[in-house]
Amino acid sequence: MTTSNRILLGVNIDHVATLRQARGTRYPDPVKAALDAEEAGADGITVHLREDRRHIQERDVLLLKDVLQTRMNFEMGVTEEMMAFAERIRPAHICLVPETRQELTTEGGLDVAGQEARIKAAVERLSKIGSEVSLFIDADERQIEASKRVGAPAIELHTGRYADATTPTEVADELQRIIDGVNCGLGEGLIVNAGHGLHYHNVEAVAAIKGINELNIGHALVAHALFVGFKGAVAEMKALILAAAKA
Ligand SMILES: CC(=O)[C@@H](O)[C@H](O)COP(=O)(O)O
Ligand SMILES: NCC(=O)COP(=O)(O)O
């Protein structure tokens, strides 16, 4: 079981593309944001190519594939279209996420336990191209154990409920759920990542959980970048999570 306090920052650049798509312009370019993020200390770049293409486009992923110095974490729904695209791109990491067109954002984790055969087949197929496959799931023992059974080497725990919690009791309960999930995942021998809805005011408690490998953060970084620039936003977040992990 890993109890290292080294923690990685995966920078999600989806919402740089959201701004571009809002006007159909060429700017801001998520590829430029990715390169700035790397210069500012990002350990990897996360992109979610949604079925509805509301932010990231194929063009972005193809360019990133050629220019990234770190590694790509490619988030995708479990569809034939995305499986074929991933096989073409061969990203270092693939995170399988649940997806619906109507949702405002990724509202819950992938139901691995409810569709083990389908997810197992996807994990096996994507592992063949050399990608490390992770499953974006709720911090729920049933889902974590199912993730292990389907052969995924990694999981990413959905921190959205923690981020949305409003009362101190709710926040404490949701944080405890994540802590239990991390320990359960590590106990199963999985690499445990976490993300969604993390920002400058709620990230430290999650970064302080021993054994978390990587936090994927996007929306808050893009928002803060409006005021301090993308490099500044990434550097601030990186400093915050490293300090919390060491404390
Ligand atoms: C899976 C995940 O948590 C991120 O990809 C996030 O979903 C990106 O933002 P949107 O959900 O707004 O597309
Ligand atoms: N997988 C979570 C992610 O990549 C970033 O989510 P958010 O910080 O944009 O909510």
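**Exercises on a predicted model**

The side chains of D43 and K238 are joined by a polar contact of 3.0 Å. A polar contact is a pair of N or O atoms within 3.5 Å; within protein, one must be able to donate a hydrogen and the other to accept it, and residues adjacent in sequence count only if both atoms are side-chain atoms. This is a predicted model: local features need pLDDT of at least 70, side-chain atom pairs count only at pLDDT 80 or more, and totals for chains, interfaces and linings use all residues. Residues are numbered from 1 along each chain as its sequence is written, ligands are numbered from 1 in the order in which they are written, and side-chain values use heavy atoms, without hydrogens and water.

**Exercise 1.** Describe how α4 and α5 meet.

- Step 1. The axes of α4 (residues 80–89) and α5 (residues 116–127) come within 10 Å and cross at roughly 20 degrees.
- Step 2. So α4 is roughly parallel to α5 (angles under 35 degrees).
- Step 3. From α4, E80, M83, A84, A86 and E87 make the contact; from α5, A122, R125 and L126 do.

**Exercise 2.** Find polar side-chain atoms by an oxygen atom of ligand 1.

- Step 1. For H15, the distance is 3.1 Å.
- Step 2. For R50, read 2.7 Å.
- Step 3. For E75, read 2.3 Å.

Key. Axes fitted to C-alpha atoms, helices over the stretch in contact; angles between N-to-C directions. Helix = DSSP H or I, 4+ residues; strand = E, 2+ residues; numbered from the N terminus. Parallel < 35°, antiparallel > 145°, perpendicular 65-115°, else oblique. Contact = heavy atoms within 4.5 Å.
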